[in-house]
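Open the model in a viewer and keep the sequence panel beside it. The stops below are given in the order in which to select them.

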Amino acid sequence: MLFLTRLKVLLKRKSTLFWILLFPILLSTAEYFAFGRFIHSTPIDTITIGVVEEKTPVLLKTIFEEAKIEEERNLYSVKVYSSIDAASNALQLGEIKHFVYENDSDVKVVAKRNGTELSITSTIIEQAKIIETTILAAYEKYYYELSLGHTPDEVDENLIIKNLLEEVSYFKDKSTNKTATFYTFYFYSLMAMSCLYAALFGVSIIQDVRADRSSLGIRISSSVVSKGKLMLSYFAASCVLQIISATVLCLYFVYGLKISLGGNIGLILLTLILGGFSGITIGMLIGAFVKGGEAKAQGIVTAVTLSLSCLSGLMAVDVKHLVDKYLPFINYVNPASLISNSLYALYYYNTYTNYIIYSVILACFSILAVGIVIYKMRGEKYASL
């Protein structure tokens, strides 16, 4: 009965529901329209490139043929043309993306338009210069050893090219099971922020049971109902609404915005639920220690939530990187960082080790916060009501 009554009360608090449920959806929609074209950008595919025969260095042509997107997938499909005019005609017909040729010892790239594929080719050409220098150095060392009467191994140009090309990967972090997306950080931090906004529920729990904070608190303190039982019912009702909010946000991300969250939707929801619990307990902490009305406590909740979210990378990913570099311990005491890092670990890594560590710390944070609130409010008495 107390649980259902509390649910009805919370559902009537439209401003609180806005910040906990609607605001994250609105903000995520704004982020989607700002970053959507990058989030859903098509992965790089094999690039059809033309080389002009006798006007393209053999080394560069070999690099184009050896470069890989994946182990079994070439980066380039190379077509050889007898002249610049033939290559230019193929470019106009759309048979190739761009073509290369050498002019006065300088490699030229001809394309219809700029883009990612052209940038990759330009990078490969710069890399070819490094490889050429490395091969020349290998030959110098080889002939020097010969001059000393030694019998060095012959220079294997193809092996040098292969080794140098394998040193750099433009497409995938092989330590993870997913391709990293810069903009994913923002959505993880946004989900963390939505969890921390549940602190508004926590503030209302304390405000509504304390006689020095509200008229409702006076009536509750005068009643025979156990304050502990009331707070437990209020906490349970807040948790139910937070679970609903997390589920709605998750479904909106997956089916509304078409953002890939991976296959572990259950664990993602578990993280958001744990995050919501921590948010509620933060609100209870603020409500227990801050003197004054609910408006003041809610203002502090907003300031704290935004500050913690900022440190987790919501406003700028660079902030998160700076925290990781100079103040890494903050990631283990900031609930927003714990939530976003749990989601990050769950999505990107092949094991659950990091995910479990962050989740356990998050759960311990909530338990500790509840313990502090109970200690602070135990045996409270009032001279008059």
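This is a predicted model: local features need pLDDT of at least 70, side-chain atom pairs count only at pLDDT 80 or more; totals for chains, interfaces and linings use all residues.

Residues are numbered from 1 along each chain as its sequence is written, and side-chain values use heavy atoms, with hydrogens and water left out.

**Stop 1: helix α4.** Select residues 84-92, which form α4; helices are DSSP runs of H or I with at least four residues, strands are runs of E with at least two, and both are numbered from the N terminus. An α-helix has 3.6 residues a turn, so residues three or four places apart point the same way. Buried means under 20% relative accessible area, exposed over 50%, and partly exposed in between (1.4 Å probe, protein chains only).

Now show β1 (47-52), β4 (76-81), β5 (98-103) and β6 (106-111), which are among what covers the buried residues of α4. On the face turned away from the buried side, pick the exposed residues Asp85 and Gln92. After α4 comes Gly94, with a positive phi near 80°.

**Stop 2: Ser238.** Go to helix α10 (residues 227-256) and select Ser238. Its relative accessible area is 0%, so Ser238 is buried. Beyond neighbours within four places in sequence, Ser238 contacts Leu10, Phe201, Ile205 and Ile280, a contact being heavy atoms within 4.5 Å.

**Stop 3: Phe289.** Select Phe289 in helix α11 (residues 265-289). Phe289 counts as partly exposed because its relative accessibility is 47%. With residues up to four places away in sequence set aside, Phe289 touches Ile372 and Lys376.

**Stop 4: helix α13.** Leu322 is in α13 (residues 317-326).

**Stop 5: cysteines.** How many disulfides does the structure hold? It holds zero, a disulfide being a pair of cysteine sulfur atoms within 2.5 Å. Cys239 is buried at 7% relative accessible area, whereas Cys364 is partly exposed at 45%.
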